[in-house]
Amino acid sequence: MRLYNRRRAYLCAMSRLLPSVFFSLPLLFLFAACQSNDKSAATATATAAAPQHVTDDLGHQLTIPARPRRIMSLAASMTEMLYAVADTATIVARTQVCDYPRAALRKPVISSYPLDLEGLVALHPDVVFTVEGITSLDDIARLEKLGIPVYCQRYTTAADILRGLTDLGRLLGRPVQARKLTDSLQVELQAMQQLPRPSRPPAVLAITWQDPIYVYGENTLFTDKIRLAGGQNAVTEHFAQPYPALTREYILKLNPDVLIGGSFGKLDSTFFKNYPELKRIKAYQNRRVYGITGDLMERPSPRVVESVRELQRLIGAPPAP
Amino acid sequence: MSRRAFPWILASLSLMLVLVVLGLRIGSFATDYAFIGRTLLNYNPDDPAQLALVQLRLPRIVMALLAGGGLAVSGYLMQAMVNNALADPYLLGTASGASLGAILCFSLLSNLTVAGIYLPPLAALVGALLTTLLVVALGSQRGQLIPGQLLLAGVAISSLTAALGGLLSFLSSSEGQLRTVVFWAMGSFERAGWDVLPYPALALGAALLLLVFLQKDLNVLLLGEERAQTLGVQVARTRWILVVTAATLTGCVVALCGPVGFVGLMVPHLTRWLLGVTGKANLLFCALLGADFLLGCDLLARLLYPPAGLPVGLITALFGVPFFVYLLRKKRVAL
């Protein structure tokens with residue numbers, strides 16, 4: 001009985017207490033949330049107050065927000081880099097040449113050449129990313145004068161691209177995403193190195209334009225990509241320009257094993273029709289003339305692995321039909 | 001041939017020989033004089049170095065000679081026709097017209113080779129001739145060419161075609177296209193081949209042959225229209241012959257090599273300075289001197305910036321202008 005009374009008294013007390021606890025719980029949560037919000041707000045304020053002072057690949061020193069919320073790129077390759085690392089909601093625009101990934105096509109277009117300065121300023125980007133040689137130094141200076149920092153990257157090897165992705169991850173506050181991506185790219189590149197390779201790396205000449213004949217020079221990303229694919233750039237001489245113009249005589253002397261720049265049939269009716277002397281090079285004699293995906297070849301982007309894989313397939317491919 | 005002209009012609013021929021031999025030595029394959037001799041006497045096309053010598057270096061040299069000769073003669077004719085020392089072969093809008101033709105081709109066509117024919121030179125020739133026709137139509141009245149009107153029409157139409165060309169270049173879809181246009185506009189002999197050489201050779205040969213009969217009228221015309229008429233020269237007819245000859249020559253050269261500047265302005269002056277205004281061998285010497293000058297410039301272009309060489313138009317201006325200014329400052333040039 002006594003026990004019963006005690007239980008009853010306990011239940012009564014609880015029934016009086018529970019509603020108040022029940023109603024006070026949201027308040028507690030709210031309080032806790034407020035405390036947590038206050039904390040992040042305090043952190044955000046602290047972070048906002050501490051912008052990043054960074055130096056880009058060209059040696060330019062610039063200051064960008066700790067966590068850029070509005071970013072854009074002025075190069076097709078850089079747009080690919082940003083889409084691979086950044087929060088895509090923070091990308092505010094693309095240029096007229098940015099067509100990969102497809103999601104980029106939904107972004108508003110800002111002309112990169114000639115640079116639509118007014119349109120770009122109207123978007124209020126926190127930072128603009130670009131690649132060396134794509135945006136003129138004059139345009140970069142004009143943007144910086146208008147208070148828009150421009151971060152420029154330079155790539156001459158596949159490792160540079162991975163480093164570029166890591167840098168972007170750090171600058172955009174997404175180091176984990178960048179690391180995951182670079183690790184997987186690194187693994188794929190290493191796996192390709194394990195595949196059987198030709199005993200003598202074939203000399204590969206890649207042309208970018210036919211009249212005059214411009215080629216991928218020794219100081220371009222192509223040299224590293226073709227090395228990773230098991231070949232070597234036929235152009236070993238260092239020229240001031242990344243894409244030097246070559247004479248027919250020079251190409252005759254190079255005598256490349258493989259020529260990249262268009263399918264055999266296409267080049268046979270254009271390039272070799274205009275330059276019949278070049279039919280003597282080994283690449284033509286052995287019908288090792290191949291077309292390649294332009295975007296993959298031209299753009300230093302996270303798709304570098306795909307590009308190396310494509311080159312590797314061509315180097316090991318049988319002569320063109 | 002006059003006594004005054006003979007040593008100069010001999011000297012220009014000797015210089016040409018030296019330049020040709022030097023030109024045969026410059027290239028990616030190392031070739032000494034013995035190798036050149038062996039190749040010329042016993043050509044083996046299976047040897048890539050010999051192939052380069054005969055199929056690449058030699059036509060390039062011949063192209064430079066023909067272009068230099070053609071532009072110099074053309075300039076001489078234009079200066080005589082308008083009786084103005086500042087006239088040059090591009091007075092009739094030939095260069096800008098050819099450029100527009102070539103740019104149209106580079107910009108609008110995705111495939112530049114159709115049925116085995118490389119179209120840009122053809123388009124350049126059509127552009128050059130159409131522009132010249134337009135300028136001549138604007139610069140003539142009742143079948144008579146009016147030099148002043150012709151000059152102004154040339155300037156106006158050149159500006160228009162240059163602007164159209166500029167617009168197309170600006171709108172060009174790729175950097176490669178832009179580079180082609182820029183490279184083309186500065187002139188080059190890199191694309192020279194035996195297959196195209198007969199055209200400028202025929203044009204220059206025919207022009208020189210025709211002008212042998214017109215040399216006297218030409219010299220009289222240089223003294224002024226009124227004096228020429230008094231001396232019985234059919235001024236209107238002579239002017240038409242000069243315009244058609246100059247336009248054809250310039251069109252041929254520009255279509256194949258791009259608009260190489262300054263040769264047609266400078267070499268006629270040098271010719272008159274050395275041989276006098278009314279020398280009988282002036283045109284022949286003018287052609288030889290122009291050929292030497294342009295070949296020399298091409299050699300320099302190839303030596304300064306191997307392997308592709310600088311655009312030859314840059315060299316003609318960079319090295320020709322100071323020399324020309326020096327001549328003008330001496331105030332002994334017979335204008």
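**View 1. Chain A splits into domain 1 (52-191) and domain 2 (198-315).** Those bounds come from an automatic or database domain assignment. The C-alpha centres of domain 1 of chain A and domain 2 of chain A sit 29 Å apart. A quick note on the model: it's predicted, so local features need pLDDT of at least 70 and side-chain atom pairs count only at pLDDT 80 or more, while totals for chains, interfaces and linings use all residues. Residues are numbered from 1 along each chain as its sequence is written, and chains are lettered from A in the order in which they are written.

**View 2. Here is where domain 1 of chain A meets domain 2 of chain A.** On the domain 1 side, 17 residues are in contact with 15 residues of domain 2 (contact: C-beta atoms, placed from the backbone, within 7 Å).

**View 3. β5(A), helix α4 (residues 137-145) of chain A and β6(A) form a right-handed β-α-β unit.** Right-handed means that, with the strands pointing away from the viewer, the path from the first strand over the helix to the second runs clockwise. Strand β5 (residues 127-131) of chain A pairs with β6(A) in the parallel sense, over 4 bridges (pairing takes at least two DSSP bridges). Across from Tyr151(A) in β6(A) you'll find Phe129(A).

Definitions and conventions. Contact = placed C-beta atoms within 7 Å. Helix = DSSP H or I, 4+ residues; strand = E, 2+ residues; numbered from the N terminus.
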